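Biologist: I'm new to reading structures. Could you walk me through one, feature by feature?

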Amino acid sequence: MMKTIRKILTGIILGSILVSFTHTNVDTMYKNKEDNDPGKELANFPEAKPGMVRYVIFLDKKSDEDLYKVELIPGKIMKVDCNKHTLMGRTEEKELEGWGYNFYEFSSEGKTVSTLMACPQVVNKEKFISSESTIVRYNSNLPIVIYAPKGYVIKYKIWEAGKEKTASVK
């Protein structure tokens with residue numbers, strides 16, 4: 001009878017320890033997931049001003065992020081002819097005061113410059129017309145936040161460095 005009670009108590013104690021470790025590991029797992037969530041950093045950035053849209057880019061974690069860059073390509077879908085068009089605009093890097101984070105603000109009046117070729121057809125087609133792009137550092141720990149006027153689009157490309165080469169002396 002004493003051995004049975006001892007087995008039951010031992011089972012209860014071991015079960016309690018196992019449950020407490022499991023509970024702690026589950027709590028830690030969810031806590032770490034929240035700590036590594038770049039979305040929570042978005043709360044530190046201001047909402048878009050009236051007439052503006054806030055675009056956000058979340059980057060995947062890379063083993064050596066110094067080998068990567070992000071090209072921000074602001075633009076707008078416009079009806080254009082066969083000429084090569086470029087949207088006039090400007091992207092400014094700004095600092096989120098008190099946090100040290102950077103964000104970007106694109107501004108444009110929607111004007112374009114273009115080549116002056118004679119187009120064989122007068123048909124205008126809708127096309128993404130980009131402004132000057134901006135290259136920024138790849139950092140998966142923080143989102144890239146870009147503010148742009150309504151009606152504009154922010155596209156981006158991820159660039160990866162090739163093997164390092166040495167220039168020749170001539």
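Predicted model: local features only at pLDDT ≥ 70, side-chain atom pairs only at ≥ 80, totals over all residues.

Biologist: Which residue stands opposite M52?

Modeller: That's P149, in β9. Strand β1 and strand β9 (144–149) run antiparallel, joined by 6 bridges.

Biologist: In what order do the 4 strands form the open sheet?

Modeller: Go β1-β9-β5-β4, with mixed pairing. At the edges you'll find β1 (52–57) and β4 (90–96); each has a single partner strand, so one side of each lacks a neighbour in the sheet.

Biologist: How do I read aromatic rings?

Modeller: A ring pair is described by the distance of the centres and the angle of the planes. Rings of Phe, Tyr and Trp (its six-membered ring) pair if their centres lie within 6.5 Å; planes under 30 degrees apart are stacked, over 60 edge-to-face, the rest tilted. Searching the whole structure turns up 5 aromatic pairs, and one aromatic cluster is made of F45, W99 and Y101.

Biologist: Which residue lies over the face of Y68?

Modeller: K62 does, 5.0 Å from the ring centre. For a charge to count as over a ring, NZ of Lys or CZ of Arg must be within 6 Å of the ring centre and within 35 degrees of the ring normal. Over at F128, the charged end of K155 sits above the ring, 4.2 Å from its centre.

Methods: Residues numbered from 1 in each chain as written. Heavy atoms only, no water. Pairing = 2+ DSSP bridges. Helix = DSSP H or I, 4+ residues; strand = E, 2+ residues; numbered from the N terminus.
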